[in-house]
Amino acid sequence: MSLAPRKPARVQLFATCLVEAFFPETALAVVELIGREGVAVVFPPGQSCCGQPAYNAGFREEARAAARRQMDALAGELPIVVPSASCAGMMKHHYPRLFPDPAERAAAERFAGRIVEWSEFLVRGLGVRLHDTGPPLKVTWHSSCHALREMEVVPCAKALLAGLERVELVPLSHETECCGFGGIFSVKQPALCGAMAADKLADIQATGAERVIAGDCGCLLNLQGAIEARGLALRAQHLADFLRERTRGG
Amino acid sequence: MADSAFESRIEQALEDETLRRNFASALGAFAARRRSVFPDGRALERLRTQAAAIRDRALARLPELLEELESRLTANGIRVHWAETAAVGCRLVLEILEAHGVRRVVKGKSMVSEEMHLNAFLARHGIETVETDLGEFIIQLAGETPAHIIVPAVHKNRAQIARLFQEKIAGAPYTEEVTELNAIARRTLRERFREAGAGLSGVNFAVAETGTLCLVENEGNGRMCTGVPPLHIAVMGIEKVIERLEDLPPLLRLLTGSATGQRVTTYVNLISGPRRNADPDGPREVHLVLLDNGRSAVYADPELRATLRCIRCGCCLNHCPVYARIGGHAYGTTYPGPIGKVLTPQLLGIDRAGELPFASTLCGACEEVCPVRIPLAHLLRRLRAEAVRSPASRGDRRGSGRPDRLERLAWWAWGQAVQRPSIYRAILAGGRWLGGLLPPVGPLERWMRTHAEPRFSRRNLRRILRRQGIPDA
Amino acid sequence: MPEPRARERILARLRAAPREIPPRPEAEARPPAAPGPETAAALEAALTAMRAEVHRLPGGRWAAELRERLAGRGLSELLYFPGSPWAVELEEAWTPAAQDSPRLVAWEGAVEDFRGRLFSAAAGITAAAAAAADPGVLLLRPGPEEPRLLSLVPPVHVVLVPAERIYPTFEDALADGSFAPPLAANLVLVSGPSKTADIELTLAFGVHGPRELLVFILA
C-alpha cells in the first residue's frame, strides 16, 4: 500500500553557500529532480549562508544576523528545500535556539517548520520513483552526521539509492563515523581532520567501490579534498548529482 | 602558525600507531558490547529518558537532597565533610588520616580523587597511597594518569604491562599471560589490603533517602578498600546524589551497560554506615568528603547544568571519533573525551581550557549514546561561544580557544557578507574569477596540510537558474 | 577540623541558581512481581552466564547434600561464621569430619584478631538474603550474623540462596525486607566471581575477590 504524499505546487530552494561556491551542479540536479515531479522551484535571491559556520565557531551574533537574513529572504509559506543536511539541520533545529526574544523565536520556529532536506522531500514529500539508466556500478555511501543524527534522513537517501536497479551499494565498515570535516574543526585541528579523513578513505577503498556518495556538501568538500591530495582513483559525489546522472533520459 | 600544547600532543598521539591500535580495538569492542546488552532500541531510549529525568530532578533539588543526604548519613554514623575546592578536600582527607595515625592507604578507583590530585598531595605529606583497581595499579606503576574514565590502562597492551611489572614489582617475572599478570597484581595487593590503615574510594551514587553510598566494581578491590581497613574515606562530587533507592536500578543498568556493555557489574556495594556494635568486621569509621570544586558554578547556569547529570560511564569516550584517535592523555585533563571537553572548561575556567570545545567535529555520536541524554554537542557549541566572549586569558592564548584579532575580523567580515546580498554575490563572483588561486596562508594553509586546495566553481548558479526560467521569488 | 562555612557557602550558591523542579519521573507501569518457580531457573541462567556455578539443594537435608557436593573438589577448608542462623545445621552435617570433604573452620571473634587466618582461608560460606533473576544478582546482607569479608577474601565463595527469596528483577527485589529502612550498614549485590578486563579487555577471574562463586539454591 502506498499513500500518495501531499505534493506542494511550489517550493523554495535554499542552495547553501558551499553549493553556490563549489558545487552549483548539485543545486541544478535537485531542481531537475524536483521539477520532473511537476513541482515548481523558486530561488529567492536574497539568500546567502545559513550561519552554521559562525554558529559552530562560537560567533553567535554573526550567526543570528545570518539567520535573520535567511528568514527574511526566504519569507512566505512555501516549503524550503535544502540540498545539504547540515545546513538544513542548522535552520530546522538551531535557528529557534538562537533567539531569546519570544517573538523572534516563534518566527524561527515557524521558519524551521518549513525546512525540508531534499532527499526526504523526494521520498516522503513526492514519493519519487527512479528509473536507472546507467551501467552497472558499485558505490558506497557515507552517512553525514547531520543527515544521520540531526535530520534523520539517511533512510530516505538509502531508499533513493535502492531505487537504482543497476547500482550495487557496498556498505562502509564504519558507515556512521564522522569523516572529520566539522567545519571550523578542519582548520582548527588539521591533523585530526586529516587523520579522520584518511581513515574514511581507507574504509571507502576497502569496499572496492570507486565512488562514495553522500548528501552533505561539507563531507564532500573534505573527502574530495583528501582524495585529490592523495591522488586516489576515487570520487566523492553528492547523491543528487548521482541520481541525476543515473536517471538521465529515463 | 604556532600550534598550542594541546595540538602538539594531538599530533604526537596521531603518530603513535600502537596507541591508536590499542584504543581502536578496545573502543570498538565496548561499542559492540553495548549494542548487545541493549538489543531493544526503543527500550533503551525509554530507559535513557527515565534516567535523564531522574538525574534532572535530583539536580533540581540538589541543595535539599544534599542536606537530606547529610542528615541520613550522619544518623547512620557516617561523618560528612564539605570541601569547596580540591585543595580543601585534600586537606580534609589528610587530617582524617593523620588523626588516625595512618601512613598507608589502599584506594579504589575514583575520578574525583584524580581531579583533586589526591595521591600526589598525600605523598607530599608522607602518606603512601596504593591504587588497587588493576588498571589504576598499572598506571600508578607507570607514573601516568588514567587514559580513560572506566578503563584507565586501556592504552597499554600486554607486552607493555609485562615490561612494567617486571621492572617495578620485586620478583615479578616477565610474562604476557594475562592470568599471570593478574596473579602478580593480586599477590602484591593482598598484602597491602591487610596492612593498610585506611581505604579511600569514590562514590557512584549517593542515595539521599536512605543515606547510602553506592559503589560499583568488578574486581572486589573496592569492597576490600571499604571493608578491610578500620577507616574508610569516600570522596564524591556534590552532583552525585540521587533522590531515592528506587532510582538506582535504572541508573545502574545504564551505567554498566553504557560503560562496559555489562548487564550488571560483579559487585554493587551499598554502604550505609560503619561497622555496628555486634558486627564482626567492617570499618570502625566511615567519612564522606563532598567536593564542590567548581560544580556549584556549573550549576548556576540552567543550560550548562545538564553537564552535572553525568554518571561517568565513559560511553561518550567510547563512541568519540576524536578520542578514539588520540586517547585520553592528549587532552591533558583529568576528564578526557566529549564530557571532558564540556566539563573541564567549566571547572578550570574557559580562559584556561577554552580550546577543548573546539576539538570536536560536533558529529553528535556522544550525544546519541549518552545514557542521561546530556546534549554534549549543544554544550560544546555553547562553550565555544563562551570562549569567543571570554576576556583575555591568563596564560597560553591558544589554550584559551579565544580567537585572535584576525579571526574576529574575518567573522565580522563574514557577517557583513552574509547579511548583504550584493556583497555576498560579489564574493561569489570573485571566487568564480579566482578559481583555486588563493594564497595558502592562515586557515587555507592548515586545510592544505591534508587536503588539495578547494576550487571555486566557474559556473554561476543564479545565472543558470534564471536562464532555466526559475523565478527569483 | 571541618569547615562549617564551606557547607553553607556551597548550599547558598546552589540555592541562588534559578531552579524549576520537575515531577518525579514515572517508572514504566509494571505490576510488582513476586518470587516464583521460574525465577530460580532464570537466576541460574543469568549467574551461569557470569561464570558462577549454580546447584540446587533440597530444602530438608541441604547441609548434608552440600557437604556431598563439595566433596572431592579439592577444597581444603570451608570458613563459616558461627553466628549465622544456619551454622548449627552446617556443623551437624559436618560431624563427624571426613577426609574427602573440606574441613569446617569457624570464624572467631572480631576481624582484628582473625585477619591473618581469614586471608589464608581457602573458601568461605555465607547466605544471600535475597536475589534477583534480572540482572542476575545475589543480595548479601553482612551484619552481626555474617562478616563482610567472608564473602570476599577467600578465593572460593560458597553462597546459599533461599529459592523463595528470588525476585524476578532488581526493581522487584527492592520490596524485600532487606531494603526496608534503616538499611544494613552494608548490602552487596553479587553477580559472579571477581573479574577484570583491564589488560587488553581480556577477561580474567579472581583478581581481588573470589575466583569461584558456588551458588546453592535451597528449595
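Let's call a residue buried when its relative accessible area is under 20%, exposed when it is over 50%, and partly exposed in between, using a 1.4 Å probe and protein chains only. This is a predicted model, where local features need pLDDT of at least 70, side-chain atom pairs count only at pLDDT 80 or more, and totals for chains, interfaces and linings use all residues. Residues are numbered from 1 along each chain as its sequence is written, chains are lettered from A and ligands numbered from 1 in the order in which they are written, and side-chain values use heavy atoms, with hydrogens and water left out.

Start with helix 22 of chain B, residues 421-434. Helices here are DSSP runs of H or I with at least four residues, strands are runs of E with at least two, and both are numbered from the N terminus. Its buried residues are B:Pro421, B:Tyr424, B:Leu428, B:Gly431 and B:Arg432. They cover an arc of only 100° around the axis, so they sit on the same side of helix 22 of chain B; the arc is taken from the directions from the helix axis to the C-beta atoms. On the other side, B:Ser422 and B:Trp433 are exposed. The cover over the buried residues includes helix 1 (17-21) and helix 4 (60-73) of chain A, along with helix 21 (405-419) and helix 24 (461-467) of chain B. Contact, by the way, means heavy atoms within 4.5 Å.

Over in chain A, have a look at A:Arg211 in strand 7 (residues 211-214). A:Arg211 is buried, at a relative accessible area of 12%. Leaving out residues up to four places away in sequence, A:Arg211 touches A:Leu137, A:Lys138, A:Val139, A:Thr140, A:Arg235, A:Gln237, A:Phe242 and A:Glu245. One of these, A:Gln237, is 26 residues along the chain from A:Arg211, with 7.1 Å between their C-alpha atoms.

How do the chains meet? Chain A and chain C do not touch, and their nearest C-alpha atoms are 17 Å apart.

Technical notes. Expected span 1.5 Å × (residues − 1).
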